[in-house]
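Subject: Structure for your review

Dear colleague,

Please find the structure below, followed by a summary of what was found in it.

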Amino acid sequence: RAIMLLCVNVAGSLDFRVLNLIGNCALLPTVMVMGRMLRFRGDKLKWALLLLIVFQPQPLKLMFYPVASVQAYFALLFSFLYFHFSLDDSNWGQSAPLFYLLAAVTSGSGIWLIFLGVPLLLYKKCFLRSAIHAAIGILVLFLYSPNSSNVMYVIEHPLSGGKFFLLLLGAVAQLP
């Protein structure tokens, strides 16, 4: 919404071509974060394969829908930044909850990141950080939903929300 309001204020109208460009531009930093997490460094073949996987239009059919691409691709970027900084042992690792919050606000499915991030932190034996992430995740889960029945739905049907998150994170959309 902030991007759309910015476009309206700058250009005086909402141009879906600009939104489409902005949304798709979020894929490039996502690819860079993924390549860095996978430690590709200078291996051009691996980078080329990653670019082909991420930028193929068939599973990423959202790249042709401006509003959906802005929402989904920025949520994807924030999701990978959350994982990147969660696994980072430097002081930058403390910024991971910020990217979790951005992913949750950008797309409701971002709430589920914490259910992957906390086990990763426990695996790395970062017990204090995992407890902080879990507390933030529980707080976001309850604050995100103004209706208490939505929280109960998530608790009663965790696979529905989890499936939606994995579809977004893994391929953005199901293949036709």
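Which residues in H2 meet which residues in H3? Gly23, Asn24 and Cys25 in H2 meet Leu27, Leu28 and Pro29 in H3, where contact means heavy atoms within 4.5 Å. Helices are DSSP runs (H or I, at least four residues), numbered from the N terminus.

This is a predicted model, in which local features need pLDDT of at least 70, side-chain atom pairs count only at pLDDT 80 or more, and totals for chains, interfaces and linings use all residues. Residues are numbered from 1 along each chain as its sequence is written, and side-chain values use heavy atoms, with hydrogens and water left out.

Helix H2 (residues 16-25) packs against helix H3 (residues 27-37) at an angle of about 5°, with the axes 4 Å apart; axes are lines fitted to C-alpha atoms over the stretch in contact, and angles run from 0 to 180 degrees between N-to-C directions. H2 and H3 are therefore roughly parallel to each other (angles under 35 degrees).

The largest nonpolar core has 34 residues, of which Leu81, Tyr82 and Tyr100 touch the most other members. Such a core is a set of buried Ala, Val, Leu, Ile, Met, Phe, Trp, Tyr and Cys residues joined through side-chain atoms within 4.5 Å; buried means under 20% relative accessible area with a 1.4 Å probe, protein chains only. H5 provides the largest share of this core, twelve residues.

Of the 21 residues of H5, 18 are buried, so H5 is largely enclosed by the rest of the structure.

Kind regards

Note on methods:
Helix = DSSP H or I, 4+ residues; strand = E, 2+ residues; numbered from the N terminus. Parallel < 35°, antiparallel > 145°, perpendicular 65-115°, else oblique. Buried < 20%, exposed > 50% of the residue type's maximum accessible area, 1.4 Å probe, protein only.
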